[in-house]
Amino acid sequence: MNYLVDEKKNGERIDKFLVGVLENVSRTDVQKMIAAGEVKVGGVATPKNFRVETGMVVVCGEVPEKEASTLEPEEIPLDIVYEDDDIVVINKPRNLVVHPGAGVKGGTLANGLLYHFKENLSTINGALRPGIVHRLDKDTPGLMVVAKNDNAHRHLAHQLETRTLHRTYNALVWGHVRDLEGTIDAPIGRNPKNRLKMAVVNGGKESRTHYTAKKFFNFATLLELQLESGRTHQIRVHSRYMGHPVVGDPLYDGREGCLNRVSPLMREYAEQVLEIAPAQLLQAVKIELIHPTTGKKMKFKVPLEKPFDKVLKLLKKECPEDAPNFSEDDTAFRELDPEMRFEDEGDYIDEYESDELLAITPEEAAPYKERKTRAQRFAERKERAAARKAKAAERKLIKQMKAARKRGVAKEDFVEPGYEPTIDPNLL
């Protein structure tokens, strides 16, 4: 099959171009064809990051046949928030895997979907992922949208790609973030030191997370986050990278290792928080999308799950804090051995490519940490303290100048307190 690249498609990645011209083919299928050398331009097999140009002829081999479904329907209760002929919005509970993968053959959301909706699900993502457009981690509850037909699936996937489908999360993180709002822009890929985990990796896939601090507590912050990309474990990895792991996260240092960074007076409450938290306190609380058929904007929101809500009530009662007070001792969580960007060590697995974990040895599965020396940490803490002190002095001076202007003192006549000129005794 030959496909001519027109002017509108100039500069597109080869996989995206083929998804647009082939019928009933997912990007995963296209990537398998590229890897097998079935896609050629000018007689040469194209790499996966190849970009097409106007006038090129893309020669495509046979599209791989869909695998026969081995997925069995299972009567799994579903919390359906909304349903029509095109989409289903589901509030996924904690401890439910989205679809079969490494070591998981049944008891997944996909099994439950097959039981409830039979054949009325999209097939674009293959036999093991009927209707699945995007995922949530096993221990991350919250809202997901499911496609009931292929047209709806393609429309929703396009919204994810163009960032018109918005997913909003709430997360409780250790410590206090410095900025009330900000963006974490750091590439994510498979951790080369431990392939069970993801990490910020040089050469990883572009990843951006926007966050806003909603509530401060003595040793934690409630964040609202939005994803601009959809990498595996993105919020958990980015939170850990900026020195504030998600509370309760067993994979990214969010549990007992953080207790010795809590002040002794509050450690009892931190221990209670971890007892309540079954895993990471992270939830997809809101989703906004454009309906594939009507074109209407739709918004869905769910309350926090019981453990998350219980933790917030405990912190609000026992550990309230109106605003963070950054002293020299408040840098503990920021210095939680933030992992450096690892060097690029090969290809990384995207959210829509594969969930298969690579084979690992026991040594690779062990946590990897690279600690700074005490002298380095002390020097960095000293520099930050000096910078904060200078900033505080600058703010104080601005305040004094404003007060002087209110008293009628001209700007040129203002003298900074502590720097008044000495009076010559001969003039007295």
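Is cysteine 258 buried or exposed in this structure? Cysteine 258 is buried, because its relative accessibility is 0%, where buried means under 20% relative accessible area and exposed over 50%, with partly exposed in between (1.4 Å probe, protein chains only). Cysteine 319 is likewise buried, with a relative accessible area of 0%. The count of disulfides comes to zero, a disulfide being a pair of cysteine sulfur atoms within 2.5 Å.

The model is predicted: local features need pLDDT of at least 70, side-chain atom pairs count only at pLDDT 80 or more, and totals for chains, interfaces and linings use all residues. Residues are numbered from 1 along each chain as its sequence is written, and side-chain values use heavy atoms, with hydrogens and water left out.

The largest nonpolar core has 32 residues; such a core is a set of buried Ala, Val, Leu, Ile, Met, Phe, Trp, Tyr and Cys residues joined through side-chain atoms within 4.5 Å. Leu109, Leu113, Tyr169 and Leu223 have the most contacts inside this core. Among the elements that give two or more residues to it are helix 3 (109-117), strand 8 (166-174) and strand 14; helices (H or I, at least four residues) and strands (E, at least two) are DSSP runs, numbered from the N terminus. Helix 3 supplies the largest share, five residues. A second, separate core of 23 residues includes Val273, Leu281, Leu312 and Leu314.

Strand 14 (residues 282-290) also holds glutamine 283, which is buried at 2% relative accessible area. The side chain of glutamine 283 reaches the backbone oxygen of proline 303 at 3.0 Å.

Technical notes:
Polar contact = N/O pair within 3.5 Å; in protein donor to acceptor, adjacent residues only side chain to side chain.
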